[in-house]
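Student: I have a new protein model open and would like to learn how its parts get their labels. Could we go through it together?
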Amino acid sequence: MPLEINQVRASFFEALNNIKSLQELDELRVKFTGKKGDLTLLLRSLGKLPPDERRQAGQDVNNLRDEIENAIASMSKKIRDSENEKQEIQERIDITLPGRGRLSGAFHPVIQTMHEIANIMQGLGYSVASGPEIEEEFYNFECLNVPKWHPARDMQDTFYFPDGKLLRTHTSPVQIRSMLKYGAPLRIICPGKVYRRDNDTTHSPMFNQMEGLLIDKDVPFSQMKGTMSEMLNAFFGKSLKSRFRASYFPFTEPSMELDIECVECSGHDEHCRVCHGTGWLEVVGMGMVHPNVIRAGKIDPDEYNGFAFGIGLDRMAMLKYGISDLRLLFDGNVSYLNSCFNSGLEEVSC
Ligand SMILES: [Zn+2]
């Protein structure tokens, strides 16, 4: 009998050494301690022993059973610990890895320019007004002193709809709409998209403009010049030389164009790619509002006068941010737009 106990013990521990999983361990448990297990058979065989040996053998078998149960419990814990460790390694998060980063939104250079100029003008007491891009001929031309025979009405310049409406060719109709809505006195700017039949390297069929209008009593010409200089100096962040040239617009009289010194070379580079050596840049068209336009806004031109101006926002963005090709503004090229933000445009987290 002691020999058989030792055989069972030896074969159990030999098998235990090869156990790799909880399932194998359970099969081993059944093989030794189950109803037909080796240990159970040993217990049953005790009855056949002579009484004087039976007591000692019973104690030995019980000891072996405790030994096996303890060994199984210990192995079970060992396997479980090892599996937990493997799982932890698989699921481990490496907090030292650099983050993936997030793309943050930002304003397009033209929109950024629009906001900057609007902020400056709001500081001078102007409100922001808006109007429809699909406009009536009446507001786009007639009210602005552009009669039917005017060349600007030519089909070459304007996109017309079959019903006679058109894509506004300038933001000036908002002047009329604002005068009709608010009356005088009035200080507004109207930024927005405008459309003309132009498409080459320096013209786009859609571009961005900002219109300004001031209507009040006894507005002097010098106020217009001062307002424009103030706005341009604030936008470019430095004091720029400027000059005013006589010009012609149907909706202002007298009409002027404002040139500023070249923001790139200040007139010191005859090969300058921005001013082409002239030292000057045309940036604003403006003038004292024509009495016919004031009248169209249902305001008495004998009592009120004022001035109006128009700025090309795309051109202003190009000048400020050193953009050489107008088409870059409309291509929607993300890497190009990102490069704009690296050069100092304000970034906005959404
Ligand atoms: Zn220049």
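Student: Which residue in β9 is the bridge partner of Met288?

Tutor: Good place to start! This is a predicted model, and in it Met288 is partnered by Phe307 of β9. The two strands, β8 and β9 (residues 305-312), pair in the antiparallel sense over five bridges.

Student: How do you know that β8 and β9 count as paired strands?

Tutor: Pairing needs at least two bridges between the strands. β8 and β9 have five bridges, so they meet the definition of a pair.

Student: What joins β7 to β8?

Tutor: Eight bridges join strand β7 (residues 252-261) to β8, and the two run antiparallel. Glu261 stands opposite Trp280 of β8 there.

Student: What makes β8 largely enclosed by the rest of the structure?

Tutor: A residue is buried if 20 or more other C-beta atoms lie within 10 Å of its own. Seven of the 10 residues of β8 (residues 280-289) are buried, so the strand is largely enclosed.

Student: What is the order of the strands in the open sheet?

Tutor: The seven strands follow the order β1-β4-β5-β9-β8-β7-β6, with mixed pairing. Within that sheet, β5 (residues 206-216) is joined to β9 by eight bridges, running antiparallel, and Leu213 stands opposite Ala308 of β9.

Student: Why are β1 and β6 said to stand at the edges?

Tutor: β1 (127-128) and β6 (242-249) each have a single partner strand, so one side of each is left without a neighbour in the sheet.

Student: Which strands does helix α10 lie across?

Tutor: Helix α10 (residues 313-321) lies across β4 (186-195), β5, β8 and β9, and runs at about 60° to β9.

Student: Which residues of α2 and α4 meet?

Tutor: From α2 there are Leu22, Leu25, Arg29, Phe32 and Thr33, and among those they meet in α4 are Ile68, Ile72 and Met75. By class, the contact has seven nonpolar, two polar and two charged residues.

Student: What separates the centres of domain 1 and domain 2?

Tutor: The domain assignment gives domain 1 (2-91) and domain 2 (109-342). Taken over C-alpha atoms, their centres are separated by 94 Å.

How values were computed
Residues numbered from 1 in each chain as written. Predicted model: local features only at pLDDT ≥ 70, side-chain atom pairs only at ≥ 80, totals over all residues. Buried ≥ 20, exposed ≤ 12 C-beta atoms within 10 Å, placed from the backbone. Helix = DSSP H or I, 4+ residues; strand = E, 2+ residues; numbered from the N terminus. Contact = placed C-beta atoms within 7 Å. Nonpolar A, V, L, I, M, F, W, Y, C, P; charged D, E, K, R; others polar. Domains from an automatic or database assignment. Axes fitted to C-alpha atoms, helices over the stretch in contact; angles between N-to-C directions.
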